[in-house]
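Biologist: Please take one part of this model and look at it closely. I would like to hear about the salt bridges and the loop beside them.

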Amino acid sequence: MEFPALADMPERFSAITAGIPTDSKVLVLGRYLTYHRRDNDLFGVLFYDAPWILISEAKTKQAIDEQLRQIAVLEEQPKSGFIALTEGNLGMLFGVVGIYCALLVLLWLRMASWAAAIDRASGIQRLPVESLRARLLAINETDAPFMLQPGKQQNELIAE
């Protein structure tokens with residue numbers, strides 16, 4: 001059984017894998033190959049990192065993992081970036097995101113009130129409250145489809 005991606009690998013790698021009678025071969029990221037031998041029922045892994053080729057075979061996949069852990073040259077890659085920062089600190093992550101969202105809401109509310117504010121045009125005088133109330137109640141005398149009624153408080157009008 002020929003694995004198509006092996007054509008991209010160097011001749012030494014292809015030559016070694018061609019001599020292994022396998023049921024299945026899986027090439028992972030072009031760096032290592034896992035296989036299951038059909039002649040002796042062993043599992044294997046073949047690493048290629050020029051100029052080195054490392055082959056490990058065992059009865060189980062876990063035994064291969066154990067063999068590879070014992071090799072001093074191979075080390076597990078340290079976690080970096082976002083994964084390393086958040087591992088074991090999910091409470092802190094949610095706290096920081098919560099504070100960030102709260103700040104965004106406060107800023108948005110502040111900017112929305114600023115953007116929605118309408119200043120009066122220059123040269124126009126403010127009306128006294130009583131005069132404004134009288135003008136609004138005068139709308140009741142027109143053909144408007146609503147009526148303004150005084151509310152419970154002095155500065156309150158209710159449109160019905």
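Modeller: Here is that part, one residue at a time. The model is predicted, so local features need pLDDT of at least 70, side-chain atom pairs count only at pLDDT 80 or more, and totals for chains, interfaces and linings use all residues. Residues are numbered from 1 along each chain as its sequence is written, and side-chain values use heavy atoms, without hydrogens and water.

Side chains of opposite charge can pair when their charged atoms come close. The structure holds two salt bridges. Such a bridge is a side-chain nitrogen of Lys or Arg within 4 Å of a carboxyl oxygen of Asp or Glu. Arginine 37 pairs with aspartate 39, at 2.9 Å from N to O. Arginine 37 also bridges to glutamate 57, with the closest N and O atoms 3.0 Å apart. Strands are DSSP runs (E, at least two residues), numbered from the N terminus. Shared partners join Arg37, Asp39 and Glu57 into one network.

Now for cover. Arginine 37 counts as buried because its relative accessible area is 14%, and buried means under 20% (exposed is over 50%, partly exposed in between; 1.4 Å probe, protein chains only). Aspartate 39 is partly exposed at 48%. Glutamate 57, at 27%, is partly exposed.

Last, the loop. Aspartate 41 sits between strand 2 (32–37) and strand 3 (43–49). Its phi is near 60°, a positive value in a residue other than glycine. Most residues other than glycine have a negative phi.

Definitions and conventions
Helices (H or I, at least four residues) and strands (E, at least two) are DSSP runs, numbered from the N terminus.
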